[in-house]
Amino acid sequence: MADTTYTLTGRDGRSYPSATPGSLGGYRRGNLKLYGRLDCPSALRALARGHYVRHRVFFADEETAVAAGHRPCAVCLPGQYARWKDRRNGAL
C-alpha cells in the first residue's frame with residue numbers, strides 16, 4: 001500500500017508535505033484569503049461549478065490558517081467570522 005502525502009499550508013503561507021490531511025480548507029487568490037470547514041456549503045458549490053480548485057489550500061488547524069493571513073468563512077464559521085470582523089473594525 002502506498003503512503004499518501006497531503007499538501008498543507010503552514011503559518012508562513014508556504015506549502016509543505018504532511019502524512020495527515022488538513023482539517024480546514026481555504027482559498028487563496030490575490031487579497032482574498034479565507035478558510036472554513038471542509039464541508040462548507042459555499043465552498044462545495046464553488047468547487048462543483050469548477051471554480052476555486054486552482055487556489056484551494058488546506059490547513060492543519062485554525063491557528064495555522066489565521067497565522068497564514070486567512071480569515072474565517074462567513075458561511076460555515078459565522079461566529080469566528082463575526083469576531084474577526086469586529087477585531088478588524090476595532091470593536092475589540
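Author: What follows takes the sheet, then the core, then one arginine. The model is predicted.

Reader: What is the strand order of the open sheet?

Author: The four strands run β5-β3-β4-β6, with mixed pairing.

Reader: What makes β5 and β6 edge strands?

Author: Each pairs on one side only. β5 covers 56–59, and β6 covers 71–72.

Reader: Which residues have the most contacts inside the largest nonpolar core?

Author: That core has 15 residues. Leu 34, Tyr 35, Cys 40, Tyr 52, Phe 59, Cys 73 and Cys 76 have the most contacts inside it. At least two core residues come from each of β3 (24–29), β4, α1 (41–48) and β5.

Reader: What does Phe 59 touch, beyond residues up to four places away in sequence?

Author: Its contacts include Leu 8, Leu 24, Tyr 35, Ala 65 and His 70.

Reader: Why is Arg 71 said to have no salt bridge?

Author: A salt bridge needs a side-chain nitrogen within 4 Å of a carboxyl oxygen. The nearest side chain of opposite charge, Glu 62, is 11 Å away, so Arg 71 has none.

Reader: Where is Arg 71, and which residues does it contact?

Author: Arg 71 lies in β6. Leaving aside neighbours within four places in sequence, it contacts Leu 32, Lys 33, Leu 34, Tyr 35, Tyr 81 and Trp 84.

Technical notes: Residues are numbered from 1 along each chain as its sequence is written. This is a predicted model: local features need pLDDT of at least 70, side-chain atom pairs count only at pLDDT 80 or more; totals for chains, interfaces and linings use all residues. Side-chain values use heavy atoms; hydrogens and water are left out. Two strands pair if DSSP finds at least two bridges between them. A nonpolar core is a set of buried Ala, Val, Leu, Ile, Met, Phe, Trp, Tyr and Cys residues joined through side-chain atoms within 4.5 Å. Buried means under 20% relative accessible area, exposed over 50%, partly exposed in between (1.4 Å probe, protein chains only). Contact means heavy atoms within 4.5 Å. Lys and Arg count as positive and Asp and Glu as negative; His and the chain ends are not counted.
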